[in-house]
Amino acid sequence: MLRISRILIFVLFAAVSAAVAAQGLRHKSFRKAVPRDSILLSDPCVLADDATGLYYMTGTGGLMWTSRDLDLWDGPYVVAQTDPGSWMGLKPQIWAAELHKYGGKYYYFATFTNDSLTIGSYKGAVLPRRASHVLVSDRSDGPYRPMKDETYLPADKLTLDGTFWVDTDGKPYMVYCWEWLQNWDGTIEKIELKPDLSGTVGGGRLLFRASESPWSREVVEGKVRPNRVTDGPWLFRTATGRLGMLWTSWINNVYTQGVAYSESGTLDGPWTQEPQPITPPNYGHAMIFKDFTGRWLMSLHSHKDVKGRYIRVPQLFEVDLSGDKLVVKSHITGKADAARR
C-alpha cells in the first residue's frame, strides 16, 4: 500500500510539474479561443499532429499557437530556446519558423538574426549575421532546442527561410534562400542534412535565381526587371508525382505568391517557373498541409502596408493536388470574417 501511495504521489507530482512547465511557456500576451483572422503573424506554418489531434501554428517571432479547428487558437506560447553562447546571441530575431515531424522527432526550421554581429556590407548596406538553422524537440509543443552543430550554412553568407525536404535519393535536405541583399539576385539553394538533421553535409547547390521569374517586377536604376527577392520556399508533390515549389517575390510593392516545377522530379531540377502568380495580390510565404478531414490547405499571410507598418494575418486557401499542378480553390474565411460581413 505504501509503495502504491508513493507511485500515486510521484504521478501527481509529475502531472503538476508538467502543467507548471507548460504554463511557464505561455507568452505574457497569452489568450484563449482567438479567431485566426484576429492574429497578427507573418509566414504562418501549420503542423497537423495526429499524435495530439491538434494543429500547431508558428511563424516569424518564435511563438506558437494551438487549435482544434483551425479557426480558434490558443496562444502564443514561447517554444524556441536558442543558445545565448552561440553566434545567435542573447535575443536573436526569429523569422519564418516551420515545424516538421521526421524520424519520431519534431524539428523547428527558422531564420535567426543577430544584429550585434555583422558579416560585412554590400552596395552600402551593412549585413547582419543571419542564417537558417534547425532546433529539435521530442514534442510538437516544444520546447525546441539546438542540436550538435552551431552552424548549418556558411557564416559569411546571408541565408533565410530554410525548409525541409526528403528527395528521391532518400536523403534529407534543407532548401533555403541566399538573400538578395548580399548578391543582388536572390537564389534558392539546397544543402544535404545529416540523417538526424543535426547539421549539414557538404556545400550548397543553386536551384534557381530570382531573375528567372517571369511574373515578378521592380524598377532598378530606371529599368524594369524581375524582382531580386526570393522568399519562403516550400516543396510539395502532386498526385501524379510532380515536384513543385512554392516561393514568393514582389510585383513592385505587391507581395506575390508563385510556383515552380522540377522537370526531373528531384530538387536538382531544372526548375520551370509558372508564368502567372497563383493567389490574389498581397498574399505570400505559403506552405501546404493536410487537415484532419483530409483536405489539402495552403497557409500563408495576407500583406497590407498601413502607414509604413506591415500588417500580416494568417490566411487559408483550399488547394487541389489531384492533377499535374497545384490549383488554388476557395479562400477559407473564419468566424471573425463572418462577423464583419
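Predicted model: local features only at pLDDT ≥ 70, side-chain atom pairs only at ≥ 80, totals over all residues.
Colleague: OK. What's the volume of the largest pocket?
Modeller: About 550 Å³.

Colleague: Which residues sit closest to its centre?
Modeller: The lining has 25 residues, and the closest to the centre of the largest pocket are W234, I288, F289, K290 and W296.

Colleague: And which elements give two or more residues to that lining?
Modeller: Those are β2 (45–49), β6, β10, β16 (231–237) and β20.

Colleague: How does the pocket lining split by class?
Modeller: It has 17 nonpolar, 2 polar and 6 charged residues.

Colleague: What lines it?
Modeller: D43, P44, C45, A97, E98, W234, H285, A286 and M287. Two elements give two or more residues to that lining, β6 (93–102) and β20 (283–290).

Colleague: Which element gives the most?
Modeller: That's β20, with 3 residues. W234 is worth a look too: it is in the cavity lining, and it is also among the residues closest to the centre of the largest pocket.

Colleague: How many of the cavity-lining residues are nonpolar, polar and charged?
Modeller: There are 6 nonpolar, 1 polar and 2 charged.

Colleague: β20 keeps coming up. What's the strand order in its sheet?
Modeller: It's an open sheet of 4 strands, ordered β20-β21-β22-β23, and the pairing is antiparallel.

Colleague: Which strands are at the edges, and why does one side of each lack a neighbour?
Modeller: β20 and β23 (327–332) are the edge strands; each has a single partner strand, so one side of each has no neighbour in the sheet.

Colleague: How many bridges join β20 to β21?
Modeller: There are 6, and the two strands run antiparallel, with β21 covering residues 296–306. As one example, F289 has L297 as its bridge partner in β21. F289 is also one of the residues closest to the centre of the largest pocket.

Colleague: Now electrostatics. How many salt bridges does a search of the whole structure find?
Modeller: It finds 14. One of them is between the side chains of D149 and K194, at 3.0 Å from N to O. That pair links distant parts of the chain, 45 residues apart: D149 is in the loop between β9 (145–146) and β10 (159–166), and K194 is in the loop between β12 (187–193) and β13 (200–209).

Colleague: Are those two buried or partly exposed, taking D149 and K194?
Modeller: D149 is partly exposed, with a relative accessible area of 21%. K194 is partly exposed as well, at 25% relative accessibility.

Colleague: What about K157, which residue does it form a salt bridge with?
Modeller: E189, with the closest N and O atoms 2.8 Å apart. K157 is in the loop between β9 and β10 while E189 is in strand β12, so the pair ties together parts 32 residues apart in sequence. Both K157 and E189 are buried.

Colleague: And K190, what is its salt bridge partner?
Modeller: D268, again with closest N and O atoms 2.8 Å apart. K190 is in strand β12 and D268 in the loop between β18 (254–262) and β19 (271–273), which puts them 78 residues apart.

Colleague: Why does K190 count as buried, and where does D268 fall?
Modeller: K190 has 9% relative accessibility, so it counts as buried, because the cut-off for that is under 20%. D268 is at 34% and counts as partly exposed.

Colleague: Which residues are linked with them in a network?
Modeller: K190, R205 and D268 are linked in a network of salt bridges.

Colleague: Last topic: which sheet holds β12?
Modeller: An open sheet of 4 strands, in the order β10-β11-β12-β13, with antiparallel pairing. Its edge strands are β10 and β13, each pairing on one side only, and the twist averages 25 degrees from one strand to the next.

Colleague: How do β12 and β13 pair up?
Modeller: They run antiparallel, joined by 6 bridges. E189, for instance, has L206 as its bridge partner in β13.

Note on methods: Residues numbered from 1 in each chain as written. Heavy atoms only, no water. 1 Å grid on protein atoms, 1.4 Å probe; cavity = no way out; pocket = protein on both sides within 12 Å on 5 of 7 lines; lining within 4 Å. Nonpolar A, V, L, I, M, F, W, Y, C, P; charged D, E, K, R; others polar. Salt bridge = Lys/Arg side-chain N within 4 Å of Asp/Glu carboxyl O. Buried < 20%, exposed > 50% of the residue type's maximum accessible area, 1.4 Å probe, protein only. Pairing = 2+ DSSP bridges. Points joined across faces, edges and corners; volume = space filled by probe spheres on them. Axes fitted to C-alpha atoms, helices over the stretch in contact; angles between N-to-C directions.
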